[in-house]
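Please look at the sequence and the structure first.

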Amino acid sequence: MATAKKRTDKGALQVELRLKDEHIYWKKYVWDAKQPMAVVICNYPGQEELYQDNLTSMLVKNAVIEMDKYGGVIIANLFTKPLQTVNERTLAEAFLDDGMEELIKVCNEAKIVILAIGSLANRFQVAADRLKILLKQAKNVGLLDRIYELTNGQHKRVHPLAIRNEKWSLLEINEERLAELMQL
């Protein structure tokens, strides 16, 4: 019976956080700068510091690592302000004027953009409007072919927390799906 040798694995993880006052635009994790980046767009940030992660961030980072195609992930959000209570009013106050510009900028850095917002846009009009603005601007700058939705087995849009023990399933946003999303 052969015995396994002990070993120590080492790696470097670069972490960047783009913020302004209490607003968090995005958080970037890079483990292999030679590989392409992924962007995962969630709803709104947790109360994070540079080296702290919330459960959503951990799930996103681990899922992208498991894809084994990307050297890092930028976790961006439809809304930039951490929220305790989610309603139309708090969402309407949860982003800065330049937030969409920052979203499009990081999407341009990535090979793939994954919408991981779950049902937020179905439940709140301000979220539906913000999603429409994002998709329209992404289309205008030629990013539509990079955008996918995180879905469950029934092609229903989900948030990473809803499928925390499942492998990610991605659905491409084509012109037909884009038209459906614009009707929200």
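Which strands does helix 5 lie across, and at what angle does helix 5 run to strand 5?

## Basis of the model

The model is predicted: local features need pLDDT of at least 70, side-chain atom pairs count only at pLDDT 80 or more, and totals for chains, interfaces and linings use all residues. Residues are numbered from 1 along each chain as its sequence is written, and side-chain values use heavy atoms, with hydrogens and water left out.

## Sheet and helix 5

Helix 5 (125–140) lies across strand 3, strand 5 and strand 6, and runs at about 155 degrees to strand 5. Axes are lines fitted to C-alpha atoms, for helices over the stretch in contact, and angles run from 0 to 180 degrees between N-to-C directions. Helices (H or I, at least four residues) and strands (E, at least two) are DSSP runs, numbered from the N terminus.

Seven strands form an open sheet with mixed pairing, in the order 1-2-4-3-5-6-7; two strands pair if DSSP finds at least two bridges between them. Strand 1 and strand 7 are at the edges with a single partner strand each, so one side of each has no neighbour in the sheet. From one strand to the next the twist averages 25 degrees. Strand 3 and strand 5 run parallel and are joined by five bridges, and Val39 has Val113 in strand 5 as its bridge partner.

## Nonpolar cores

A nonpolar core is a set of buried Ala, Val, Leu, Ile, Met, Phe, Trp, Tyr and Cys residues joined through side-chain atoms within 4.5 Å. Buried means under 20% relative accessible area, exposed over 50%, and partly exposed in between (1.4 Å probe, protein chains only). The largest such core has 38 residues, and Ile41, Leu131 and Leu134 have the most contacts inside it. Helix 5 gives the most to this core, with seven residues. A second, separate core of 19 residues includes Ala38, Ala63, Met67 and Ile114.

Leaving aside neighbours within four places in sequence, the contacts of Ile41 (heavy atoms within 4.5 Å) include Leu103, Cys107, Val113 and Leu134.

## Helix 3

Seven of the ten residues of helix 3 are buried, and the helix is mostly covered. The buried ones are Gly99, Met100, Glu102, Leu103, Ile104, Val106 and Cys107. Among the elements that cover them are strand 1, strand 2, strand 5 and helix 5.

One aromatic pair is found in a search of the whole structure. The ring centres of Phe79 and Phe95 are 6.0 Å apart and the planes are at 55 degrees, so the pair is tilted. Rings of Phe, Tyr and Trp (its six-membered ring) pair if their centres lie within 6.5 Å; planes under 30 degrees apart count as stacked, over 60 as edge-to-face and the rest as tilted. Phe79 is in the loop between strand 4 and helix 2, and Phe95 in the loop between helix 2 and helix 3, so the pair ties together parts 16 residues apart in sequence.

Phe79 is buried, at 0% relative accessible area, whereas Phe95 is partly exposed at 27% relative accessibility. Arg130 lies over the face of Phe79 at 5.9 Å from the ring centre, and over the face of Phe95 at 3.9 Å from the ring centre. A charge sits over a ring if NZ of Lys or CZ of Arg is within 6 Å of the ring centre and within 35 degrees of the ring normal.
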